[in-house]
Amino acid sequence: MTYKRLEIPELVLCEPTFHEDNRGFVFESFKKKSFDDFLGFKVDFSQDNISYSKYGVVRGLHTNTLDFSQSKLISVLKGKILDVAVDFRVESPTFGKVVSVELNSEENKQLFIPRGFLHGFSVLSEDALVMIKIDRYFASGESIGIRYDDKDLSIDWKIDEKFVILSEADKKLSNFKDIKSPFVYGENYY
């Protein structure tokens, strides 16, 4: 596995090394020691969530309140998505900056998003099976959400507006400028 810091250095793209032969291939999808060594701190993943979505589904943008915030490691088991992270840390030099990465089940790259970021994804293939490793359990009522089509963020989800499918809850989310972030740049949330 190789690791690469993105435009916002806390966001990390994880790229597996494939070992192929006439039977197929094998690769390590996660190795705690090398992952923690690269990050410089420990992330103790406690739960894997899997979602199935059809083309056009947009999930997000979400995070949780401070005491229930989660780090996430996103991978695609089937299909292709556009994975999106938004810096939600007040006083960060990249506050409000959007980073988008296409993830698919052929390359098997993963995106690590630490606490303090909003997260969402859109499904670009006919359907997609997405696995998200999280380091804290879900806490009902502790979610913070921002509209996927927020004008200030100007995210290109790579889907024509007429094909976008949202949950009822995501249709009611607020704009980025109307939500006060509980996260502060430079604070250690681990």
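**Close-up views of a predicted model**

View 1. Strands here are DSSP runs (E, at least two residues), as helices are (H or I, at least four), numbered from the N terminus. Strand β13 covers residues 127-134. Six bridges join β7 to β13, and the two run antiparallel. Two strands pair if DSSP finds at least two bridges between them.

View 2. Strand β7 spans residues 72-78. Five of its seven residues are buried, so the strand is largely enclosed by the rest of the structure. Buried means under 20% relative accessible area, exposed over 50%, and partly exposed in between (1.4 Å probe, protein chains only). β7 also joins strand β11 (residues 110-113) through three bridges, antiparallel. In that pairing, I74 stands opposite L111 in β11.

**View 3. Strand β2 meets β11.** Three bridges join β2 to β11, again antiparallel. L13 stands opposite L111 in β11. L111 also stands opposite I74.

**View 4. The hairpin of β1 and β2.** Strand β1 (residues 2-5) and strand β2 (residues 12-15) run antiparallel, joined by four bridges. A hairpin of six residues links β1 to β2. T2 stands opposite E15 in β2.

**View 5. G186 after β15.** G186 is found in the segment after β15 (183-184). Its relative accessibility is 72%, so G186 counts as exposed. From G186 to I8 is 178 residues in sequence and 14 Å in space, C-alpha to C-alpha.

**View 6. The whole protein, for context.** The protein has two helices and 15 strands. Its radius of gyration is 16 Å, which agrees with the value near 16 Å for a compact globule of 190 residues. The radius is taken over C-alpha atoms, and the globule rule is 2.2 Å times the number of residues to the power 0.38. The C-alpha atoms fill a box of roughly 55 × 40 × 30 Å along the principal axes. Of the 190 residues, 47% count as buried. Among contacts with a separation of 6 or more, 80% link residues 24 or more positions apart. Contact means heavy atoms within 4.5 Å.

**Notes.** Residues are numbered from 1 along each chain as its sequence is written, and side-chain values use heavy atoms, with hydrogens and water left out. Local features need pLDDT of at least 70, side-chain atom pairs count only at pLDDT 80 or more, and totals for chains, interfaces and linings use all residues.
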